[in-house]
Amino acid sequence: MHELGLCTSIVDAVERRAGERAVARVRVHVGRLNHVHPEAFEQSFAVAAVGTVAEGAAAELVLTPITAHCNGCGKDWGSDEIPTACPSCGSVDVALVGGDELVLESIEYRA
């Protein structure tokens with residue numbers, strides 16, 4: 001389950017930013033190319049956070065689409081699946097330009 005490794009990295013980043021402050025919630029953007037399953041992410045975050053300032057914190061996962069560019073007609077588009085051809089011209093000369101991101105968007109601290 002690669003979600004645990006991903007969540008361990010997220011918790012490490014949260015700890016670096018939070019210092020000693022207790023964390024209530026984090027919001028993370030993950031590209032669909034990372035193939036993260038929401039339920040596994042939630043469970044993995046809870047496990048990775050045990051014994052840290054993020055223990056008991058809620059983790060909000062925002063899945064971002066795969067973005068592609070057609071080298072034939074220049075069209076850019078987003079998709080939940082890896083595109084095989086351009087939806088405008090049908091060209092298979094397609095480049096993936098996004099969807100592999102991992103961004104810790106926000107940390108909310110406990111009062």
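Two strands count as paired here if DSSP finds at least two bridges between them. Helices (H or I, at least four residues) and strands (E, at least two) are DSSP runs, numbered from the N terminus. The model is predicted, with local features needing pLDDT of at least 70 and side-chain atom pairs counting only at pLDDT 80 or more, while totals for chains, interfaces and linings use all residues. Residues are numbered from 1 along each chain as its sequence is written, and side-chain values use heavy atoms, leaving out hydrogens and water.

## The mixed sheet

Let's start with the open sheet of three strands in the order E2-E1-E6, whose pairing is mixed. Strand E2 (58-64) and strand E6 (102-109) are at the edges with a single partner strand each, so one side of each has no neighbour in the sheet. From one strand to the next, the twist averages 15°. Such angles run from 0 to 180 degrees between N-to-C directions, with axes fitted as lines to C-alpha atoms, for helices over the stretch in contact.

Strand E1 (residues 23-31) and E6 run antiparallel and are joined by seven bridges. Histidine 29 has valine 103 as its bridge partner in E6, and valine 23 has tyrosine 109 as its partner in E6. Helix H1 (residues 2-18) touches E1 and E6, and its direction makes about 50° with that of E6. Helix H2 (residues 38-49) touches E1 and E2, its direction making about 145° with that of E2.

On the E2 side, E1 and E2 pair in the parallel sense over seven bridges.

| Strand pair | Sense | Bridges |
|---|---|---|
| E1 and E6 | antiparallel | seven |
| E1 and E2 | parallel | seven |
| E3 and E5 | antiparallel | four |

Arginine 27 stands opposite glutamate 60 in E2. The side chains of arginine 27 and glutamate 60 also meet in a salt bridge (2.6 Å, N to O). Arginine 27 belongs to strand E1 and glutamate 60 to strand E2, so the pair ties together parts that are 33 residues apart in sequence. A search of the whole structure finds three salt bridges, each being a side-chain nitrogen of Lys or Arg within 4 Å of a carboxyl oxygen of Asp or Glu.

## The antiparallel sheet

Another open sheet of three strands has the order E4-E3-E5, with antiparallel pairing. Its edge strands, strand E4 (76-79) and strand E5 (94-98), each pair on one side only. Neighbouring strands of this sheet are turned by 35° against each other on average, direction ignored. Strand E3 (residues 66-70) is joined to E5 by four bridges, and threonine 67 stands opposite glycine 98 in E5.

## Histidine 35

Finally, a residue worth a look in your viewer: histidine 35 sits in the loop between E1 and H2. Although histidine 35 is not a glycine, its phi is positive, at about 50°.

Technical notes
Contact means heavy atoms within 4.5 Å.
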